[in-house]
Amino acid sequence: MSLGYFHHLPGAALEVSVEGFYKWLTGVNDFRGNVPLLLNPYPETAVLQGDGFARGLEVFIRRSSGLLTGWLSYTFSQTRYRIAGSGPAETVNNGQYYPAGHDRPHVFNAVLNYKLNSRISLSFNGVYNSGRPVTYPVAKLYIGNRIVPYYTDRNQSRLPDYLRADIGLTISNPRGSGRRFESDWNFSLYNMLGRRNAYSIYVQTTPRYADYYNIVTAYKFSVLGAVIPSISYTIRL
Amino acid sequence: MTVRFWLLILSLLAVSCVEPYDPQLKGGSKYPVFEGTLTDAPGPYRFALTLSAGYNNQESVFDERVKGATMTLSDDRNRRTIFLDDGRGNFSSPTDFRGEPGRTYTLTITYQELTYRSDPELLRPVAPIDTVYTRFQSIPGSNINGEFRVFVDVNDPAAEENYYQWDWIHYEKADNCLLFRPSGTNVTYAQRCCSDCWDISRSAGQILLASDRLVNGRRLSGQRVAAAPNDDISPFYLRIGQQSLSREAYQYWLAIQNLTGNVGSVFDVPPATLAGNLRNTNTTGPPLLGYFQVSARREKIVYINRLRAPVLPFAITQFPFWNTCAACTESSYRTGQRPDGWR
């Protein structure tokens, strides 16, 4: 179910929309706790089914003409699952609603293009997301000469927020006298802030050397955690 | 296509990274944690109660000891055995007490005015270890010149589902009893032991399990339980213990293995609450974590012939000997008591 309001402002070349939504979810899947997925000959036994809902509000602004064009969007949403099976092994978080693995309450996107002159334009792409849910141990235990992480409820913490900005500069060579094609040079920086956004965070214990019982480590794994420059040349016949 | 794929993977690897991160995990309420196994081997049995701590480097599970708890074991004939507390959360059975195969045992723990009771646990018999054998494995890039991997075979009884757990202990004549560096020098000296002394190493921290699910009633073979480093030519003493497990206990140890083995990949085992068999008699009260394990136990002592290694043993660092000896101090890593079956 969704309800929205759309408004066009021709004077400012702006489109504005606000939309709320609510969706009932059935047959949602989540992983069963403590069942390996890798090389599992019965992967269906590693998955549980339940129900849930997704709800939220989206705000969208677009400008499609003028020197500055692009759009901004912001979404506030919640996605919740409930998995209440017949026994503890088929139940997650005691059968209560909990944040789905892809739940991101705040999502902000910005895509902007600014025309410096007829040949050169600047572009900007910005992304901000809340971190997705993660399950951290609430305690450590000493069992079997190992430090064992103790978990209670699933998805009660979040990864650090995701923030990325990309910029680009495009120089166009229009079809003209003696030129049989159009071409563009594009220079861009992906992730210009060089931010190491977390793909995952995991905790590790030292399994064999009980003397170092106090050392526990958490690691952040980042993919594309650097500024990535690129140059491209495009030909349009 | 393949080349492009690998180029893509390589470029992703080049800009991905793993770095330490502090998720600021603070310890909340402390859970009592039980660990102990009752067997049919001679006692006394030592059970432990520890307390959980926050998952960080500031808190330790040994910061605070369990004090004032009681532990009582009862069997299916209502015979009660009280375990003695040393005041630090370690409990010992009477010396002459011993588990009996076929009996069912229930453990009752009281702590801070709460009572916890285990599920009744049957002491299931276990088949003896049939064969112990080794295979030499070279380890490229390692500082030991390979190792002898130790395997066991067991003839699994057909009648019921069986789960196995192994552990081992290794004794080695101590070369020295003390290393020290006299002040003003940068030479490390070793002091020989004044009496017979053995260094001890154990399988502590390893989880060695098997189920007979695929071989029920036939031979459970090739279960890797230990490794003897190729660092000497002397026979390698190994005492291997084999214990029976209930299905629940097997799953409990598998869960611990999974919980401690995650490395942040998409194939990680999704975490779950570690479920034990000790319950608060007041169902709304806080839990007591851990598992009261009841197992039959068989042991086998073997000597591994390391002369068969295809490569020379790794020469361990030798320190010059000092002209006086040092006492053999009893600890969990060293003993002056001759090991069973030592020759």
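What follows is a chat about a predicted model with chains A and B.

Biologist: Ok. On to the two chains. How many residues of chain A are in contact with chain B?

Modeller: 53 residues of chain A, and they meet 52 residues of chain B. The area buried between the two chains is about 4900 Å². Carbon and sulfur atoms give 62% of that area.

Biologist: Which three residues of chain A supply more of the buried area than any other three?

Modeller: Asn34(A), Lys140(A) and Arg146(A). Together they supply 14% of the area that chain A buries against chain B.

Biologist: How many salt bridges cross the interface of chain A and chain B?

Modeller: Two. In a salt bridge between the chains, the side chain of Glu19(B) meets that of Arg196(A), with 3.1 Å from N to O. Side chains of opposite charge can pair when their charged atoms come close.

Biologist: Which strands of chain A each supply at least two residues of the side that touches chain B?

Modeller: Strands S9 (139-143), S10 (146-150), S14 (198-205) and S15 (216-222) of chain A. The largest share comes from S14(A), with seven residues.

Biologist: And how do the residues on that side of chain A divide into nonpolar, polar and charged?

Modeller: The side of chain A that touches chain B has 33 nonpolar, 12 polar and eight charged residues.

Biologist: Changing topic: how is chain B divided?

Modeller: Into two domains. Domain 1 of chain B covers 28-125 + 252-296, and domain 2 of chain B covers 131-246 + 298-335. Their centres, taken over C-alpha atoms, are separated by 28 Å.

Biologist: How many residues are in contact between those two domains of chain B?

Modeller: On the domain 1 side of chain B there are 15, in contact with nine residues of domain 2 of chain B. About 980 Å² is buried between the domains, and carbon and sulfur atoms give 49% of it. Arg124(B), Trp253(B) and Ala296(B) supply 43% of the area that domain 1 of chain B buries against domain 2 of chain B, more than any other three residues.

Biologist: What is the count of salt bridges between the domains of chain B?

Modeller: One. Asp40(B) pairs with Arg298(B) in a salt bridge, and the closest N and O atoms are 3.5 Å apart. The domains of chain B also have seven residue pairs in polar contact, with both residues at pLDDT 80 or more.

Biologist: Which elements of domain 1 of chain B each supply at least two residues to that contact side?

Modeller: Strand S2 (32-39), helix H2 (247-259) and strand S20 (289-295) of chain B. By class, the side of domain 1 of chain B that touches domain 2 of chain B has seven nonpolar, five polar and three charged residues.

Biologist: Last one. How many salt bridges are there over all chains?

Modeller: The count comes to 29. Asp153(B) and Arg219(B) form a salt bridge, with the closest N and O atoms 3.3 Å apart. Asp153(B) is in strand S11 of chain B and Arg219(B) in strand S17 of chain B, 66 residues apart, so the pair links distant parts of the chain.

Notes: Residues are numbered from 1 along each chain as its sequence is written. Chains are lettered from A and ligands numbered from 1 in the order in which they are written. This is a predicted model: local features need pLDDT of at least 70, side-chain atom pairs count only at pLDDT 80 or more; totals for chains, interfaces and linings use all residues. Side-chain values use heavy atoms; hydrogens and water are left out. Domain bounds come from an automatic or database domain assignment. Contact means heavy atoms within 4.5 Å. Buried area is the accessible area (1.4 Å probe) that two parts lose on being put together, summed over both. A salt bridge is a side-chain nitrogen of Lys or Arg within 4 Å of a carboxyl oxygen of Asp or Glu. A polar contact is a pair of N or O atoms within 3.5 Å; within protein, one must be able to donate a hydrogen and the other to accept it, and residues adjacent in sequence count only if both atoms are side-chain atoms. Helices (H or I, at least four residues) and strands (E, at least two) are DSSP runs, numbered from the N terminus. Ala, Val, Leu, Ile, Met, Phe, Trp, Tyr, Cys and Pro count as nonpolar, Asp, Glu, Lys and Arg as charged, and the others, Gly among them, as polar.
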